[in-house]
Amino acid sequence: MNNTVLEVKHLKTYFFTRSGVVKAVDGISFGLRKGESLCLVGESGCGKTATALSILRLIDSPPGRIIGGEILYHGEDLLRCSSERLRQIRGNRIAMIFQDPQTSLNPVFTIGDQVAEQIKLHLRLKHKPAMERALYLMEQVGIPQARERMKDYPHQFSGGMKQRVMIAAALSCEPEILIADEPTTALDTTIKAQILDIFRDLKQERNMSILFITHDLGTVAGIADRIIVMYGGRVAEAGTALDIFDQPKHPYTHGLFNCLPNISAGRNRLTPIPGMIPSLIDPPEGCIFNPRCEHRMPICSEERPKEVVLSGEHFVACHLYS
Amino acid sequence: MKRGGLQGYIIKRLIYAALIAFGVVTITFFLLRLGPSSPADKYLANMSARTQDPAQVVAAIEARYGLDKPVYEQYIDYVVNLARGDWGWSFSTSMPVMKLIQRHWVYSFQLILLSMLFSASLGILIGIYSAVKQYTRTDYLATLFSFIGISIPNFWLGIMLILVFSVQLGWFKTFYDTGLPMFSLANLKALILPVITLGTGMMAGYTRYARSATLDNLRKEFVKTARAKGLPERVVIGKHVFRNAILPVITIIMFDLSGVVFGGAYLTEIIFGIPGLGRISFNAIFAGDYPVVVTITLIGALVVLLTNLATDIVYTWLDPRIRYD
């Protein structure tokens, strides 16, 4: 049990905008274990990306600020360590991959240079061995003719190839934890499947811990050990992949599944979740999901639901179960 | 293939440059020659040949230099000579234009070069710093000073600098001393006020452009990637942001060069008595000495055309996405 490598405790990340305070992450806690892949799932704007960026203190400030909580990497609080220490961890022990490979690479430097950059920095290799290692990594993630392509620039790469480059760069220092923020969202379906395969291999071969962020439950199914469903900056439901897929409890989780096409169930129409995601500047009282919930009770708009443990690791924040 | 594209582009641009230079020569020539005064008038005044009949002297001089021919014939003669490398005879200084230029170009060159270096390096540095420290007191201060810098006309700034630092404080001479050796600290010191005069406005402009270009790039995703790699902030800004932000600033600097060569440097040279091309041209305009004026205008035009071409070539290695084919 105690092989937790990263623990997020009561994390609160707010954005201080002109129109008010956006509580993007409002008290989230979870742990990531060695060799585990944990998926954060939720609609756009539910605070997934803000959570991921908070872990490495990459929130744009201003307007964003982490106002509370702890992020413990082997017990060391990343929110309170020096920026020098944080830089030693970034890219080295904890690496990150971003959503849009089109914009995540610097357009004016070669691919090889950008993959080798953190190898030189963290492994203290000279230019030549660093480039050799970059080449090896690019071959590992399946970039054809990697040796020639290292001299190319990002605009000469397709989206899927760029994401492979991002993965190669992220893996370059053999990090313990990989945070992948919607790594397949900007890619088309066949490429997406290939990239997910790479992640599966990483987990199996390198025993890497992966925090995988996505809005797509279909993507999650293939790679998640555990799933956290987020809504409005809070955890709605969490559990093993089996718990969430077989026995979803939270009405919001149900809603997410109803949005998925399902051949075996013989559904012809998808059922969208009614209403819009709430404004996180002025969130609804009580349970944030209550205005859209079909099981709404009087208590839902009065009291914030507590997390109820259902079984083992499966818990849900909903008044239906308390 | 990429190289061939660039070579073809350069050849095309050089042909355009030749056509534009020809146009500049033609327009400048006719502007000066169709004016009411003859270069011979001023020549006469300079010679102080009072003993003879002035009208006769003028006629003799005009005949000697072909000034009595119809203007279009003079024009053809002038252009043909120019093409042969003969830049004409300066009436007001009694020497070949080539020799005049050789004697004076270096004074303009050093002024423009130093002003460019001063304004570009300082402007870009302040601009980037200001962007990184956006909305802090430093940023507001830099913004305030750059607006002041942009608003001050440089001839006024030059006169004020002379008044304060040369007349009141006596730190500098009020006039540029041509007797100083070119590569000496004394010469550098003599150029401080002229360089500030010419460079302040440009520096203020570059600060604004560098600040906004940096801000644009600071919000790009690749900056987040660079930080996530664990790179120190000086590499994130100095490498990843800088290389992207510098491109628009270089465009503005090259664009400014034409303004400096034609405008600011003239005024600065006149204010500080620097005997550069601007001052020579200024004197030549009043003397109706058209070969000098046309030549200096042509040099200015060529400098602009060639630096523009050089800029386009520099772009290709600053930003690999730019290609000419």
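User: Happy to start at the interface. What makes Lys224(B) and Asp60(A) a salt bridge?

Analyst: Good place to begin! In this predicted model, the closest N and O atoms of Lys224(B) and Asp60(A) are 3.6 Å apart. The cut-off is 4 Å between a side-chain nitrogen of Lys or Arg and a carboxyl oxygen of Asp or Glu, so the pair counts as a salt bridge.

User: How many salt bridges does the rule find across the interface of chain A and chain B?

Analyst: Four. The elements giving two or more residues to the side of chain A that touches chain B are helix 3 (101-104) and helix 4 of chain A. Helix 4 of chain A provides the largest share, six residues.

User: Which classes of residue make up that side of chain A?

Analyst: Eleven residues are nonpolar, eight are polar and five are charged. The contact as a whole takes 24 residues from chain A and 20 residues from chain B. Between them the two chains bury about 2,200 Å², with 59% of that on carbon and sulfur atoms. Polar contacts are also found here: 13 residue pairs, both partners at pLDDT 80 or more.

User: Back to helix 4 of chain A: what makes it mostly covered?

Analyst: Ten of the twelve residues in helix 4 (residues 111-122) of chain A are buried, and the cut-off for that word is under 20% relative accessible area. Among the buried ones are Ile111(A), Val115(A), Ile119(A) and His122(A).

User: Why is His10(A) called exposed?

Analyst: His10(A) has 55% relative accessibility.

User: Where does Tyr135(B) sit, and what is its phi?

Analyst: Tyr135(B) is found in the loop between helix 5 (97-132) and helix 6 (137-151) of chain B. Its phi is near 65 degrees, which is positive although the residue is not glycine.

How values were computed: Residues numbered from 1 in each chain as written. Chains lettered and ligands numbered in written order. Predicted model: local features only at pLDDT ≥ 70, side-chain atom pairs only at ≥ 80, totals over all residues. Heavy atoms only, no water. Buried < 20%, exposed > 50% of the residue type's maximum accessible area, 1.4 Å probe, protein only. Helix = DSSP H or I, 4+ residues; strand = E, 2+ residues; numbered from the N terminus. Contact = heavy atoms within 4.5 Å. Buried area = accessible area lost by both parts, 1.4 Å probe. Polar contact = N/O pair within 3.5 Å; in protein donor to acceptor, adjacent residues only side chain to side chain. Nonpolar A, V, L, I, M, F, W, Y, C, P; charged D, E, K, R; others polar.
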